[in-house]
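Please view the structure first, then read on.

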Amino acid sequence: MPLTLAGLLANSTASSAQADPVLQESGTIYPAQATYTFEGTTGQAITITLDSEDFDPVLSLLGPGEAEIAANDDFGGTLNSKIILELPEDGAYTVVAKSFSGQGGDYDLVVRASTEFEITYAEAEALALAEDYAGAIAAYTEAIDIDSDQSSAYLGRAQATLGQVYLEQGEAIQGPEDIPLEAREAVIADFEQAATLFEASGSTDWAESLRGQIEVLREAGNSN
């Protein structure tokens with residue numbers, strides 16, 4: 001589903017420099033679920049990606065105690081999935097690759113060491129989740145400085161900017177026209193950069209969705 005301003009957006013794309021994978025699999029999910037295990041260590045930063053052109057992938061990661069410790073769907077303006085996290089303990093971890101709709105199909109699953117960009121991006125996401133939006137904005141900006149070709153960081157920074165506005169002004173924000181000018185311009189700039197990157201990667205639907213939201217924000221500014 002395309003990004004929406006009201007939903008405060010989604011997450012990320014893969015980084016350029018990547019380490020050798022811990023686990024790499026290709027296959028066909030039928031029925032629409034497959035599981036794989038790998039050995040991990042405390043504090044190890046890993047990235048798990050699940051890509052498919054046949055179905056909408058969903059990722060889940062179970063810890064050594066078999067409890068789910070992370071999950072993801074629709075990451076970074078695509079239907080593909082990605083999990084970035086620091087492993088909490090030594091032991092065997094289980095990756096569950098699923099299809100959102102229940103349909104099977106071909107897929108590629110990779111578990112590898114996280115890049116510097118991904119680690120910084122994950123820190124920004126954690127700060128945003130904790131509603132430390134100022135810290136999140138700084139961390140997303142740092143991630144952009146590391147790799148400026150990742151749409152996820154621009155979208156995350158826009159989300160954090162909006163989150164800060166809503167946190168500070170609450171019910172005073174009834175619509176885009178109530179977003180302060182400086183924040184609105186910052187969100188527009190991040191949306192524009194993300195849209196350009198989506199277009200370059202062939203994700204035209206996501207780019208069009210963002211450009212539509214840019215127009216809404218600009219029209220809201222003109223109405224003031």
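## Helix H1

In this predicted model, helix H1 covers residues 116-129, 14 residues in total. From the first C-alpha of H1 to its last the distance is 20 Å, close to the 20 Å expected at 1.5 Å a residue. Just after H1, Glu131 takes a positive phi of about 65 degrees.

Which residues of H1 are buried? They are Phe117, Glu118, Thr120, Tyr121, Ala124 and Ala128. Seen down the axis of H1, these buried residues fall within an arc of 165 degrees, so they line one face of the helix. An α-helix has 3.6 residues a turn, so residues three or four places apart point the same way.

The cover over the buried residues of H1 includes strands S3 (45-51), S6 (81-86) and S8 (105-113). Helices H2 (133-146) and H3 (151-169) are also part of that cover. On the other side of H1, Glu116 and Leu129 are exposed.

## Helix H3

H3 has 19 residues, which should span 27 Å at 1.5 Å a residue. The end C-alpha atoms of H3 are 27 Å apart, in agreement with that value. Just after H3, Gly170 has a positive phi of about 50 degrees.

## Leu50 in strand S3

Leu50 is found in strand S3. Is Leu50 buried or exposed? Its relative accessibility is 0%, so Leu50 counts as buried, the cut-off for buried being under 20%.

Leaving aside neighbours within four places in sequence, Leu50 is in contact with several residues, including Pro57, Val58, Leu59, Tyr107 and Leu109. Leu50 and Asn72 are 22 residues apart in sequence, and their C-alpha atoms are 9.7 Å apart in space.

Note on methods: Residues numbered from 1 in each chain as written. Predicted model: local features only at pLDDT ≥ 70, side-chain atom pairs only at ≥ 80, totals over all residues. Heavy atoms only, no water. Helix = DSSP H or I, 4+ residues; strand = E, 2+ residues; numbered from the N terminus. Expected span 1.5 Å × (residues − 1). Buried < 20%, exposed > 50% of the residue type's maximum accessible area, 1.4 Å probe, protein only. Arc of directions from axis to C-beta. Contact = heavy atoms within 4.5 Å.
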